[in-house]
Amino acid sequence: MEPSRILEFIASHKLPNYRAAQFNKAFYQEYLTSFDECTTWSKELRALLKQDIIFSTLTVVTEQKSKDGQTMKIVFERNVDHKRFETVLMRHEDGRNTVCVSCMIGCPVGCIFCATGKMGFLGNLTATEIVDQVLTIARMLKKENQTITNIVFMGMGEPLLNLSAVEGAIQIFTDPNKMGMSERRITISTSGITDKLQELLKHGYTGRLALSLHAPDQTLREQIMPIAKKYPLSQLLAVFKQFAIQTNKRVSYEYILIDGINDAMTCAEQLATLMDPKLSHINLIPYNPVAGVSYTRSSLASIHAFAAVLEKQHIQHTIRVTMGDDIAAACGQLVGKK
Ligand code: SF4
């Protein structure tokens, strides 16, 4: 639901302002599943609300759960043009429930290893469409007395190329009168659009940042992420480092390990030299296969050898546990198909 619509509704029906607070509490904090459940409003008002405002900008097409039950992939269709995209819920063993939101349908960035990139760009999602993904999942979790603990912009699309919508959504996630989440629980993951990143930081973003790095030097990065040609790695890393210093938060660097491409020990050594041990965390991600891409996942031995090099240089790192690859919901596999 478009947030401005409720204010227009209140104004056009000459309702007192406290109605907005009642509505926001029910809609954004209690995760009502239909306007009928907004019982602080009279039956007549609820009927008018249903008549005037569409409850969600999205329709759920399918829900798919991984075998271990820890990952759920939802295919959404947006009402406006029936285009489809995917959102993922990851249920971690430590109790975190992370929603991996999409901000675009397809993606214009075209990383060679990514299924979304192969789709091309089919459109930006609006702030409301981003929020409606999260609300839909929050309503599902509510049935199990659970809540969303983290939101990551790591689904389909490049968040910094749809910045106003992403910022608009974050405003709703963090507004104490709406979802009231701490910005610390939100992560923007980017392929590295330096000028837009600077714009985001200028606007005062204090959430978490992750850079899809995937290569330890400019040449290799350009090979697997063509957009890197526009954004020199040295400048990009300098902005990330500055952000880490200013906010006193470690920045995450995502590094997908692809067999024979970027998993050599020399790559690990070079990567270690780029990192400040106090301000960086490297997420090593075993590559998830994508149809039509000839890349394969690095062997377990190579992944551990790569990690050992980082360990030796005291660079904080984790090897990401692959979640949801049996339902094509893992990193780089989202395509929006039923
Ligand atoms: S990895 Fe991210 S930025 Fe690159 S093509 Fe895929 S969705 Fe776009």
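A disulfide is taken here as a pair of cysteine sulfur atoms within 2.5 Å, and the structure holds zero of them. This is a predicted model, in which local features need pLDDT of at least 70 and side-chain atom pairs count only at pLDDT 80 or more, while totals for chains, interfaces and linings use all residues. Residues are numbered from 1 along each chain as its sequence is written, and side-chain values use heavy atoms, with hydrogens and water left out.

- Cys114 is buried at 14% relative accessibility, and Cys100 is buried at 9%; buried means under 20% relative accessible area, exposed over 50%, and partly exposed in between (1.4 Å probe, protein chains only).

**Salt bridges**

- The structure holds 13 salt bridges, each a side-chain nitrogen of Lys or Arg within 4 Å of a carboxyl oxygen of Asp or Glu.
- Arg320 and Glu254 form one at 2.6 Å, N to O. The pair links distant parts of the chain, 66 residues apart, with Arg320 in the segment after strand 12 and Glu254 in strand 10 (residues 251-257); helices (H or I, at least four residues) and strands (E, at least two) are DSSP runs, numbered from the N terminus.
- Glu254 is buried at 4% relative accessibility, whereas Arg320 is partly exposed at 23%.
- Glu199 and Lys196 pair at 3.5 Å, N to O, and both lie in helix 7 (residues 194-202), three residues apart, about one turn of the helix.

**Positive phi outside glycine**

- Asn145, not a glycine, has a positive phi of about 55° and lies in the loop between helix 5 (127-142) and strand 7 (150-153).
- Asn145 is exposed, at 76% relative accessibility.
- His314 has a positive phi near 60° and is found in the loop between helix 11 (300-312) and strand 12 (317-319).
- His314 is likewise exposed, at 65% relative accessibility.
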